[in-house]
Amino acid sequence: MKNWDLMIGIDHHICWPPGAPLPLPKPVPYVTVMVLNGLQPLTPMLAPTSQTFYGLTVQRGSDIGPGIPHIGPPSILTPLDVLFSSSVSYFGASAYTHEGQPCAAALLVAIGLNANCQEPVSLPTGLVLCVTTHFTWMSPFDILFGFACMIFDAALEFAGQNAANWASGFVTRQVMNPIGAKISAKMASRTAAKNAAKNTASSATSTAAKKAPPAQSWQSARPSGQPGKTAPTAGGHRPQTARLPKKKEILLDMVKDIFFDLGMEAPMSLVHMLGMELLSLSGIEEFGAPREQPQAGS
C-alpha cells in the first residue's frame, strides 16, 4: 500500500437530524472517502525512506485517523464522527519490513480491507484501491494475525462502550437525578410562593376597595381635632403594606440555594472515589505513612 491509495467505505453512525428532539434509533450509512495519507501526521504510519514514484510505503497498523469526510444524511453528530474517525490497515507482510515495521498490503491483491470506526464497533467496511507499483506475498499467519488484531480491537471498543454506558447511567441515577429533583423542587417552591404573594396582595386590595366609604364631592372629610391637622395613626406613622419580592431577588435566592445544595449534599465524585480505591490498593494505610519495608530473615 502507498500513502496516496484511496479508501472508500460505508460506515454506520447514529444520525441526529437538525431540529429533531432525539436521534434516530438505528445507525444510518455514511460514505467515507480519504487517502491513506490522511489529513494529519500523527496516526498514519509511513516509511519515508521507502519512497517510489507513486508514493511512500505504508506500514501495517497505519490509521488514517481524524478528518475522514462522512457523506450522508444531515446530522448534528457528523462533526464528531469526522473528528473521531478511524480507518486501520491491519493486514501486511511480516517478511518485508520498511523502517523496522512490516509493510501494509492489500488482502484482496488490488483491494485492501480497512477496519473503519462506526457503530457499534469498528468493522472491515473500508475498501482501499491499491494502484501500487509493488507486489508481495502474505503468509497464512499474517492473515490470521490481521483478523486477530481486528477482533481484539473491536472487543476492546465494545467493552469500553459498555463501561461508558454503565458509568453514564450510574452518574445519571446517583448524581444528576437527585440534583435535578432538588432544583425542580426549589423552582416549584419559589414559583408557588411568588403566586401566593401576588394572590394575597390582589385579594387585600380588592377587600380594601370594597370596605372604603364612598367619597363625597360636596364636602371634604376632616377628622376631629385641630383644624388643618390629621389624626395620627397608631405608632405615629402611616401603615405600610407588605413589599412583594422582586423577580431579581427571587432568582438570586434560588441560585444561592442551588449552590448550597450542590456543595453540601452532592455525593462524592467518582474521581475521588477512584483515588481512594487506588490508595487502599497501594498498601499505604494513611496519608503520609511510608510503606512497610520487608524484614530481612534471620
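I began with the second largest pocket, and its lining is His 13, Leu 80, Asp 81, Phe 84, Ser 85, Cys 117, Gln 118, Glu 119, Pro 120, Val 121, Glu 157 and Gln 161. Helix H1 (78–83) and helix H2 (140–211) are the elements that each give two or more residues to this lining. Helices here are DSSP runs of H or I with at least four residues, strands are E runs of at least two, and both are numbered from the N terminus.

A note on the source: this is a predicted model, where local features need pLDDT of at least 70 and side-chain atom pairs count only at pLDDT 80 or more, while totals for chains, interfaces and linings use all residues. Residues are numbered from 1 along each chain as its sequence is written, and side-chain values use heavy atoms, leaving out hydrogens and water.

**Entry: the pockets**

I checked what counts as a pocket: on a 1 Å grid over the protein atoms alone, an open set of points where a 1.4 Å probe fits, with protein on both sides within 12 Å along at least five of seven lines; lining residues have an atom within 4 Å of a point. The second largest pocket holds about 190 Å³ of space, a volume being the space filled by probe spheres set on the points. Its lining splits into five nonpolar, four polar and three charged residues.

Next I turned to the largest pocket, with a volume of about 490 Å³. Of its 22 lining residues, Ala 105, His 134, Phe 135, Thr 136 and Trp 137 are the closest to the centre. Strand E7 (92–98) and strand E8 (101–104) are the elements giving two or more residues to this lining. I noted 14 nonpolar, seven polar and one charged residue there.

**Entry: the salt bridge**

How many salt bridges are there? I found one, by the rule of a Lys or Arg side-chain nitrogen within 4 Å of an Asp or Glu carboxyl oxygen. Asp 142 and Arg 60 form it, at 3.8 Å from N to O. Asp 142 is in helix H2 and Arg 60 in the loop between strand E4 (56–58) and strand E5 (70–71), so the pair ties together parts 82 residues apart in sequence. Both Asp 142 and Arg 60 are buried (under 20% relative accessible area, with a 1.4 Å probe and protein chains only).

**Entry: Ser 89**

Last, I looked up Ser 89, which sits in strand E6 (residues 87–89). Ser 89 counts as buried because its relative accessibility is 2%.

Methods. Buried means under 20% relative accessible area, exposed over 50%, partly exposed in between (1.4 Å probe, protein chains only). Ala, Val, Leu, Ile, Met, Phe, Trp, Tyr, Cys and Pro count as nonpolar, Asp, Glu, Lys and Arg as charged, and the others, Gly among them, as polar.
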